[in-house]
Amino acid sequence: MADAKLIDGKAFAVSIRKAIAEKVVELRENHGLIPKLAVILVGEDPASAIYVRNKDKALSDAGMESQQHTLPAETIEEDLLGLIDQLNADPSIHGILVQLPLPEAISVDKVINAIDP
């Protein structure tokens, strides 16, 4: 049996974040581009709110921008899909994250399929 190799996950994550931050600097300097992620949170799930807050901090630490959209739990599917359409059409947005879970009245499949890859 081969010797086991211990991996330091935290150190590895730090190295990945540093490499990403360097790429963001290159994008800004060479192309005038700052990556921006639109994040949509529907409702007030505490765990989801923490996850979104942590994503915002990670983006900021890497030199990227985020645009958060917090919608009430009563949001209807049509309104959420409309927001996604607006974000898809915005050239300053480079990615869209819709935080799950969504309220039961909203189709996760429809929402995911509405995001333009």
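In which sense do strand β1 and β3 pair, and over how many bridges? Strand β1 (residues 36-42) pairs with β3 in the parallel sense, over four bridges. The views below come from a predicted model.

**View 1. Strand β1 pairs with β3.** The pairing is parallel and runs over four bridges. A38 stands opposite I96 in β3. Strand β3 covers residues 95-98. I96 lies on the covered face of β3 together with V98, while G95 and L97 make up the uncovered face. In a regular strand the side chains alternate between the two faces of the sheet.

**View 2. Strand β1 also pairs with β2.** This pairing is in the parallel sense as well, over seven bridges. L37 stands opposite S66 in β2.

**View 3. Strand β1 is covered on both faces.** One side holds K36, A38, I40 and V42; the other holds L37, V39 and L41. Each of these residues is buried. Because seven of the seven residues of β1 are buried, the strand is largely enclosed by the rest of the structure.

**View 4. T75 sits in the loop between β2 (65-71) and α3 (77-89).** Is T75 buried or exposed? T75 has a relative accessible area of 12% and is therefore buried, the cut-off being under 20%. The side chain of T75 reaches the backbone oxygen of P72 at 2.6 Å. Leaving aside neighbours within four places in sequence, T75 is in contact with V42, L80 and I106.

**View 5. F12, I16 and I20 make a nonpolar surface patch.** The patch has an area of about 270 Å². I16 is found in helix α1, which spans residues 9-31. At 38% relative accessibility, I16 counts as partly exposed, because this value falls between the limits of 20% for buried and 50% for exposed.

**View 6. I112 is found in helix α4.** This helix spans residues 108-114. I112 has a relative accessibility of 47% and so counts as partly exposed. How far apart are the C-alpha atoms of I112 and L81? They are separated by 9.6 Å, and the two residues are 31 residues apart along the chain.

Terms used:
Residues are numbered from 1 along each chain as its sequence is written. This is a predicted model: local features need pLDDT of at least 70, side-chain atom pairs count only at pLDDT 80 or more; totals for chains, interfaces and linings use all residues. Side-chain values use heavy atoms; hydrogens and water are left out. Patches are made of residues with over 30% relative accessible area and no salt bridge: like charges are joined within 9 Å, nonpolar side chains (Val, Leu, Ile, Met, Phe, Trp, Tyr) within 5 Å. Accessible areas come from the Shrake-Rupley method with a 1.4 Å probe; for residues, only the protein chains shown count as cover. A salt bridge is a side-chain nitrogen of Lys or Arg within 4 Å of a carboxyl oxygen of Asp or Glu. Helices (H or I, at least four residues) and strands (E, at least two) are DSSP runs, numbered from the N terminus. Buried means under 20% relative accessible area, exposed over 50%, partly exposed in between (1.4 Å probe, protein chains only). A polar contact is a pair of N or O atoms within 3.5 Å; within protein, one must be able to donate a hydrogen and the other to accept it, and residues adjacent in sequence count only if both atoms are side-chain atoms. Contact means heavy atoms within 4.5 Å. Two strands pair if DSSP finds at least two bridges between them.
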